[in-house]
Amino acid sequence: MLFEEHRWRADDASGRVVRSRYPGGNQPTDDSTYDPGELDGPIGPIAADPAALTAHINANQPRFLGPTAVIRGLASLLGWRTPNQAARTAILTFLNDTPGITHHASVTDRAGRTGIGVSATSDDIRFLLILNPTTGELLAYERAALTPPPPGSDRTGPLVDDYHLFPRPHPRQQQQHLLTPQPRAF
């Protein structure tokens, strides 16, 4: 099953999610609006300061739970916000300084974009972020079970049970009111 989500979030933790299911037409299956303070996570833009960035990640997934929590926390944080260059630099530094994070020099997402990968694995579940190698922007997030396929299965590799593609945000979109949907080509 495939879902397409459009998310808007304001700095006051208000926002909107429009979700469409495929196949089944292009009609929204869910259109939810959130009042100020209703969305989880930190309020405001993603921090570039290391201590504040750690607090932002901890608000989604506490870092003490290990490197997989860091990957999941960043996926959640970046799924709602587009960080500026200073914040992307802080995120990359944060990932580099986090024990248990594996770096992958070249990874291709399902849209055919080549990026760098950072992952963490726990209990045979791999959590992977794919980042633009030039800008540090999030391209994709994947959660996959690394257990061997059962006997007789046609599966030959990991079982991907969650995958998110992130299109590059349009520069104007960041300046528009966050609750007003704007058409975007994917």
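Is Leu139 buried or exposed, and what is its relative accessible area? Leu139 is buried, with a relative accessible area of 8%; here buried means under 20% relative accessible area, exposed means over 50%, and partly exposed is in between, with a 1.4 Å probe and protein chains only.

Hello everyone, a quick word on what we are looking at. This is a predicted model, where local features need pLDDT of at least 70, side-chain atom pairs count only at pLDDT 80 or more, and totals for chains, interfaces and linings use all residues. Residues are numbered from 1 along each chain as its sequence is written, and side-chain values use heavy atoms, with hydrogens and water left out.

Let's start with the overall layout. The protein chain has 3 helices and 8 strands, and along the sequence they come in the pattern β-β-β-α-α-α-β-β-β-β-β. Helices (H or I, at least four residues) and strands (E, at least two) are DSSP runs, numbered from the N terminus. Of the 186 residues in the protein chain, 38% are buried. Taking contact as heavy atoms within 4.5 Å, residues 24 or more positions apart account for 41% of the contacts with a separation of 6 or more.

Back to Leu139, then. Leu139 sits in strand β7, residues 138-145. Leu165 is 26 residues away from Leu139 in sequence, yet their C-alpha atoms are 6.1 Å apart in space. Not counting residues up to four places away in sequence, the residues that Leu139 touches include Asp109, Arg113, Ile130 and Phe166.

You'll find Asp109 in the loop between β4 (102-108) and β5 (114-122), and Asp109 is buried, with a relative accessible area of 4%. What does its side chain reach at 2.8 Å? The side chain of Asp109 reaches the backbone nitrogen of Ala111. The side chains of Asp109 and Arg113 are also joined by a polar contact of 2.7 Å. By polar contact I mean a pair of N or O atoms within 3.5 Å; within protein, one must be able to donate a hydrogen and the other to accept it, and residues adjacent in sequence count only if both atoms are side-chain atoms. Leaving aside neighbours within four places in sequence, Asp109 is in contact with Ile130, Leu139, Ala140, Tyr163 and Leu165.

Now for the helices. Helix α1 (residues 50-60) packs with helix α3 (residues 85-96) at an angle of about 75 degrees, their axes 10 Å apart. That makes α1 roughly perpendicular to α3, a label for angles of 65 to 115 degrees, while under 35 is roughly parallel, over 145 roughly antiparallel and the rest oblique. At this contact, Leu53, Thr54 and Ile57 in α1 meet Ala90, Ile91 and Phe94 in α3.

Which residues of α1 are buried? They are Leu53, Thr54, His56, Ile57 and Asn60. They cover an arc of only 160 degrees around the axis, which puts them on the same side of α1; the arc is that of the directions from the helix axis to the C-beta atoms. These buried residues pack against α2 (67-78) and α3. At the N-terminal end, Asp49 caps α1, with a side-chain oxygen 3.3 Å from the backbone nitrogen of Ala51.

One last stop, the loop between β5 and β6 (125-131), where we find Asp123. Asp123 has a positive phi of about 50 degrees although it is not a glycine, and at 71% relative accessibility Asp123 counts as exposed. Asp124 is in that loop between β5 and β6 too, with a positive phi near 60 degrees. At 45% relative accessibility, Asp124 counts as partly exposed.

Notes. Axes fitted to C-alpha atoms, helices over the stretch in contact; angles between N-to-C directions.
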